[in-house]
Amino acid sequence: MTDPSARKLSHLDAAGRANMVDVSEKAVTRRVAEASCRLLCEPSTIARISSLPKGDAVAVARIAGIQAAKRTAEWIPLAHPLPIDQISIEIEPARDQVRIRSRVVVTARTGAEMEALVACSAAALALYDMVKAIDRGCVVTDLRLDSKSGGATGDYRRAQKSPVPGDNGRGE
């Protein structure tokens, strides 16, 4: 594996200025990216989220994640607008946290990593917005790319060992 300090930052030109990458010469391929994060809350807050009719808070968060992924190029200045083929968001309340996972599929010249990360972020923020009246201490944490496939750089899968104590690297 190449030393990260030896690699070039893709969004900087030869003079070190911010630059949108030219992807016009890249092949259009199927690309998939998966990301995750967690919203840490008091157990009583998680119980309230779980007790809402048919998971209303979860449904709102899922839609927020989907909408945000579709608008990633508006959030991230150098991201390319992508024709998204599919977005899925999984939201799982647990004892003192909500686990959020996203999966984005595109057929494009560049990957969907940012879309997957933005989807998780927006879903977590939408949940925070809904529970802040009862638990302002919630924390959005552990936002990360879990895997990606397709494209010239090949596949990536996060190692199972995680630097987060008590976490297996997949937010579980």
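Mentor: Let us begin with the surface. The accessible surface of the protein chain comes to about 9,900 Å², and carbon and sulfur atoms hold 54% of that area; such areas come from the Shrake-Rupley method with a 1.4 Å probe, and for residues only the protein chains shown count as cover. This is a predicted model, in which local features need pLDDT of at least 70, side-chain atom pairs count only at pLDDT 80 or more, and totals for chains, interfaces and linings use all residues. Residues are numbered from 1 along each chain as its sequence is written, and side-chain values use heavy atoms, with hydrogens and water left out.

Trainee: How many helices and strands are there in the protein chain?

Mentor: There are four helices and five strands, where helices (H or I, at least four residues) and strands (E, at least two) are DSSP runs numbered from the N terminus. Along the sequence they follow the pattern β-α-α-α-β-β-α-β-β.

Trainee: In what order do the strands form the sheet?

Mentor: Strands of a sheet pair through backbone hydrogen bonds, either parallel or antiparallel. Here the five strands form an open sheet in the order 2-3-1-4-5, with antiparallel pairing; two strands pair if DSSP finds at least two bridges between them. Strand 2 and strand 5 (156-157) stand at the edges with a single partner strand each, so one side of each has no neighbour in the sheet. Helix 4 packs on the sheet and touches strand 1 (29-40), strand 2, strand 3 (97-108) and strand 4, contact meaning heavy atoms within 4.5 Å.

Trainee: How is strand 1 joined to strand 3, and how to strand 4?

Mentor: Twelve bridges join strand 1 to strand 3, and T29 stands opposite A108 in strand 3. Eight bridges join strand 1 to strand 4, where S147 is the bridge partner of E34. Nine of the twelve residues of strand 1 are buried, so this strand is largely enclosed by the rest of the structure; buried means under 20% relative accessible area, exposed over 50%, and partly exposed in between (1.4 Å probe, protein chains only).

Trainee: Which residues of helix 2 are buried?

Mentor: An α-helix has 3.6 residues a turn, so residues three or four places apart point the same way. In helix 2, the buried residues are A57, V58, A61, A64, G65, A68 and A69. Seen down the axis of helix 2, they fall within an arc of 125°, so they line one face of the helix; the arc is that of the directions from the helix axis to the C-beta atoms. They pack against helix 1 (43-51), helix 3 (72-75), strand 2 (84-93) and helix 4 (113-131).

Note on methods. Axes are lines fitted to C-alpha atoms, for helices over the stretch in contact, and angles run from 0 to 180 degrees between N-to-C directions.
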